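Please read it beside the sequence and the model.

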Amino acid sequence: MTLQALSPVNCTGLLQPGCSLLQLDGEILLFGQKGWPKRSCPTGVFGVRIKHSEMKLRAISFSNDSCYLPPLRCPAVCRLDPYDGLPESYLIHGGRTPNNEISSSLYLLTMDSRGCNRKLTLKCKEKELVGEVPGARYGHAMSIVQSRGKTACVMFGGRSYMPAGERTTERWNSVVDCPPQVFLFDLEFGCSSAHTLPELSDGQSFHVAIAREDSVYFIGGHSITSDSRPPRLFRLRVELLQGSPLLSCETLDFGLSISSALVTRTGPGHKYIVLGGYQSDSQKRMECNTVILDEKGIHIEHLEPPKWTQDIIHSRTWFGGSAGDGCILLAVPTEGRPSQPDVHYFYHVSFQQEKESNEEEGTQACSQESTDYDNSTPLEDSEELYFGREPHELENSSDDEGDIYNEEDEEDESQTGYWIKCCLGCQVDPNTWEPLYSTELHRPAMIFCSKGEEGHWVHAQCMELSETLLVKLSQGSKKYFCLDHGGLPYQEMTPPRQIIPVKRTPMKVKERNGPLMLKMSPAKKSFFKRLFD
């Protein structure tokens, strides 16, 4: 195993505790970054590239028929391997938004296409659940189980805000453990059902959930009620019968006292590595374990950890995620050192053997000839991939360089463009803005206030406009005023433009041929007249 320090390239501000790392089509994706990004990546999903001890982020685009995916922190993320002809995908449920709102939505994230220059495009769809639907929460876990030829999703644990009837002034935003219910829903029809088991009597969050076939193992976790991390280990077995499913739970006595651990799978089998986490609020867990699932059950073995650096040992917190099979991206804060401009130190932890790592590097070197963006040649008809760039800028440039996120490239939009303070009571913040209307994706909707010498633009959200009224105003040629200039009661029609008629001069005909006249003598005329009469 190796521990390698990484040098981030102007992207440290986007990786914060609570973000998630996904792997789709062999590419590592960062989801749930800090706040809402600006123009560089309106979708909020970045591709992570680790090469030559450097870490770079590049913007990932969504398809046109995708729904809005908020930047969720600490959601339940579950990977769906390809089955029944369906592609690999991810289920994302719950999580906290940058405004500390807890979500209850379920999203399905899949790969939409690969561009001619290997540019990845994702598709996101929101799935609706019916029946006993789980409430908003974060810090929970989801797993996929397969039984009797059927596939279902298991959800357990998490935290949420205290119910409205139990809130007080002092504990208005306090979080509590969600009830220890197991939610089971199928992915085809979205039917959800809640199950209560006597073995699961306490709520828990930030635990490890690993599944194999019809069994899910819950390891560790933190309980707010007892403020403890007991060494718990549960085995949940799900039988997807023809009628209603049958759930059973078994308590095992060789669990781990751990929470917020990082898990990575080593290869296609059911062998995992559990790294990091916390033993208490002020003590990190510096050990590693190998978890193996087979027909007999679960086996947890001790694994020699990497040689930690002093920054990792003395840090109070750490976070990260799986960066591929047997690899973990680890981050620790700089603890407020004034001489360190970056917010975090980043490390790449690899648990592969030296032989396997050399083979992996060899395969990556071969595959990069076709997947590396530096060596790819864009087609001539792919102009949409270079929108806004001049033809001369495409020479001696690569798609990778153009899509790398660079914080220094961001302009200050607080005073210009769509982030202007439109009115005295403007509530739109560029750091926390989220779409309010279904038509918004890259920027907030605005209307033009005609009051004043030159007029000014106003956010439609600050005007408290409904989406129906916004669409109606955009279709007509009306004058309207903001709340500071009288609101919207006038709805006057814009006077029509005075159109000067175009004076048309008829073309002068050079020669005009008249009707054909035949010259006949009076005798011939008399003959034809008597003939037709």
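1. The model is predicted: local features need pLDDT of at least 70, side-chain atom pairs count only at pLDDT 80 or more, and totals for chains, interfaces and linings use all residues. Residues are numbered from 1 along each chain as its sequence is written, and side-chain values use heavy atoms, leaving out hydrogens and water.

2. Four strands form an open sheet in the order β22-β23-β26-β27, with antiparallel pairing. Strands are DSSP runs of E, at least two residues, and helices are runs of H or I, at least four residues, numbered from the N terminus. Because β22 (262-265) and β27 (297-303) each have a single partner strand, they stand at the edges, with one side left without a neighbour in the sheet.

3. Strand β26 (residues 288-294) pairs with β27 over seven bridges in the antiparallel sense; pairing requires that DSSP find at least two bridges between two strands. Within this pair, Asn-289 stands opposite His-302 of β27.

4. Phe-528 lies in helix α5 (residues 522-532). Its relative accessible area is 38%, so Phe-528 is partly exposed (buried is under 20%, exposed over 50%, partly exposed in between, with a 1.4 Å probe and protein chains only).

5. Glu-464 is placed in the loop between β32 (456-459) and α4 (467-475). Glu-464 counts as exposed because its relative accessibility is 70%. From C-alpha to C-alpha, Glu-464 and Leu-483 are 9.6 Å apart in space, and they are 19 residues apart in sequence.
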